[in-house]
There are 2 protein chains.
Amino acid sequence: MPYKAISGIGEFGMIDKIAALAAPTLRAVPELLTGIGDDCAVFQPAAGLLQVSTTDILAEQVHFDLLTTPLQHLGSKAISVNVSDICAMNALPRYALISLAVPASFPIAMIEELYIGMSDAAQKYGLAIAGGDTSSSRSGLVISVTMVGEVAPEQITHRSGAKPGDLLCVTGTIGGAAAGLKLLMREKEIMLNHIENNEPYVKSVIGDMKEYREAIRAQLLPIARIDIVKFFHARNIRPSSMIDISDGLSSDLQHLCQQSKTGALIHENLLPINASTRRIADELQDDALTWALTGGEDYQLLFTLSKEKYQNIAEYKSISVIGEITSQESGVHLCDIYGTDIDMESIRGFDHFSS
Amino acid sequence: MPYKAISGIGEFGMIDKIAALAAPTLRAVPELLTGIGDDCAVFQPAAGLLQVSTTDILAEQVHFDLLTTPLQHLGSKAISVNVSDICAMNALPRYALISLAVPASFPIAMIEELYIGMSDAAQKYGLAIAGGDTSSSRSGLVISVTMVGEVAPEQITHRSGAKPGDLLCVTGTIGGAAAGLKLLMREKEIMLNHIENNEPYVKSVIGDMKEYREAIRAQLLPIARIDIVKFFHARNIRPSSMIDISDGLSSDLQHLCQQSKTGALIHENLLPINASTRRIADELQDDALTWALTGGEDYQLLFTLSKEKYQNIAEYKSISVIGEITSQESGVHLCDIYGTDIDMESIRGFDHFSS
């Protein structure tokens, strides 16, 4: 059989192959309502109750760099990224299982720091750390978090329910996590240069960059939008579709449109990008719009809502309407500040395996 | 703070620290009935139904060696070890989430092989592969499987329910997985020697060792004892306590006794050790009893049952009574074939972080 590396078909090509192999296992379990393809799997343990579950694996040097990532922050982020997937189903998290593969030479104190971050985050979100597994690793730290949440059947929200004419909304701001990552990478380079040249580098990587704090927090300490889900539940709002922005707005919007069999038109001037993100982009001679579209890791929610329901969300400060859902034939487009139409298929998010 | 490596306090020392940090998260979730400390966490999604969940992380060069492990077998084993934890709660598996961290240079065909093994095993056990995550890895393959099962409240079995006087029973045979591992390690050495000396080595590592097949299958393709759980359910048998044998009989029996606050006395001549395991031990000048006590990875069930209920299990061929539960003060002991009493605290199972 000819050799073909994963990098040749990319992450989504691999997921398609995996989903096809998993498909025959679903037949024996009719209570599993949704398998691979949404933010979470959906299982019905009892009438009137749905359970959603998700898992994320974080590998050293791929997802995080211990030189620039305090371990408490890393623990918190490992929890938050899973809570974000649960929120994307309009569900609330209940418990998590955590697996670690750790080099045996790791200091115990570092593992404790990691768990302090996880435990603090879990308490903020109101979920239990229920169990896990620990193993040694021959190579770097690997963290795998699985989370289970619950939602009433009448509240669950999939990627697939958007209809032409629906408003496209995004929570919070986007692009900040990418700005933070760029700053941390620059700081790391400065630090390594100092070390190489035998010059002192005493400043804490994070401590002295107060003006950058917002972006660095977005990268190191994202907060999943459980507040939005609670707001939806309190007001009995059910978005027609929802996804969390982990790969970048461009990629995640396209996932939502593919699953909903729709197109979309968004407007650059409506995108919620922080002033500090724009300043950092200028300083680094980079582009805040690109960060907002493809940077990823913002862990905001992207959702759709029929226009009649707009008044229900208008009061919530942290929600921006960025465009609307169109027909599938129209494709997924961005109208930039000059009025130019950009086909978003040409803009891709992060792919772990792309070469 | 002084440097203290994980290897200095061992796997169980680390788990104690983790459990203490997780404890405050449990308060917000009263439906989580059992957290860290049993084979599974226990969650009550609805009245009359318990959910059990477990996770296992397998790291290349720690848990498996791709030189001696066919990927289909590895996929099957990754599923089976989690099913085994579900079975240890007297529960049946429903769905699994699978995370992989894979070097981008890995051939796609290898990932497909891995998933074929997972999918086949899942279908045999009747569970769904519901979702997962994929990431690149800078260093070796890491597989993390999380599994959720279900059980009625009147059937759930913990590690903690054993009472003095209960019979100690074990399913199947033990020590075979360790025998298989030793054979594979020997074969690998032979293969590497051939390569080093530029001699041809054409035999498949597994193919030609028919006389060793039983042991190698026990190592590479363990089958979780879902048949025993189904037998228990059909006959309305609820063991007083249960654990699966993953670390080795010695270590797992001590876990069961610690949680049950009891001692135990087992008899060497009652231990179910295959004739082929004994032959392999002789051939390798090793000790089958040591393999049975400390080898681990047998994925059999160790359970206790009050003596009056013995007749209920007597007919089931694959269950052996190996001793009985005693008082906590008596400790955990083995009576060997010469009548010598051995304190099992002196016999330890596998610890990922022991130095």
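## Exercises on helix packing and a strand sheet

Helix H4 (residues 176-196) and helix H5 (residues 213-220), both of chain A, pack with their axes 7 Å apart and at an angle of about 100°. Axes are lines fitted to C-alpha atoms, for helices over the stretch in contact, and angles run from 0 to 180 degrees between N-to-C directions. Helices (H or I, at least four residues) and strands (E, at least two) are DSSP runs, numbered from the N terminus.

This is a predicted model, in which local features need pLDDT of at least 70, side-chain atom pairs count only at pLDDT 80 or more, and totals for chains, interfaces and linings use all residues. Residues are numbered from 1 along each chain as its sequence is written, while chains are lettered from A and ligands numbered from 1 in the order in which they are written.

**Exercise 1.** Determine how H4(A) and H5(A) are oriented and which classes of residue make their contact.

*Solution.* Step one: angles under 35 degrees count as roughly parallel, over 145 as roughly antiparallel, 65 to 115 as roughly perpendicular and the rest as oblique. H4(A) and H5(A) are therefore roughly perpendicular to each other.

Step two: residues are in contact if their C-beta atoms, placed from the backbone, lie within 7 Å. From H4(A), residues including A:Leu181 and A:Leu184 meet residues of H5(A), among them A:Ile216 and A:Leu220.

Step three: the contact of H4(A) with H5(A) has nine nonpolar, three polar and one charged residues. Here Ala, Val, Leu, Ile, Met, Phe, Trp, Tyr, Cys and Pro count as nonpolar, Asp, Glu, Lys and Arg as charged, and the others, Gly among them, as polar.

**Exercise 2.** Describe the packing of H2(B) against H3(B).

*Solution.* Step one: helix H2 (residues 71-87) and helix H3 (residues 108-125) of chain B pack at about 40°, with axes 6 Å apart. H2(B) and H3(B) are therefore oblique to each other.

Step two: the contact of H2(B) with H3(B) comprises 13 nonpolar, six polar and two charged residues.

**Exercise 3.** Trace the order of the seven strands in the open sheet of chain B and identify the strands at its edges.

*Solution.* Step one: the order is S8-S10-S7-S11-S9-S12-S13, with mixed pairing; two strands pair if DSSP finds at least two bridges between them.

Step two: S8 (241-244) and S13 (341-343) of chain B stand at the edges with a single partner strand each, so one side of each lacks a neighbour in the sheet.

Step three: neighbouring strands of this sheet are turned by 25° against each other on average, direction ignored.

Technical notes. Two residues are in contact if their C-beta atoms, placed from the backbone, lie within 7 Å.
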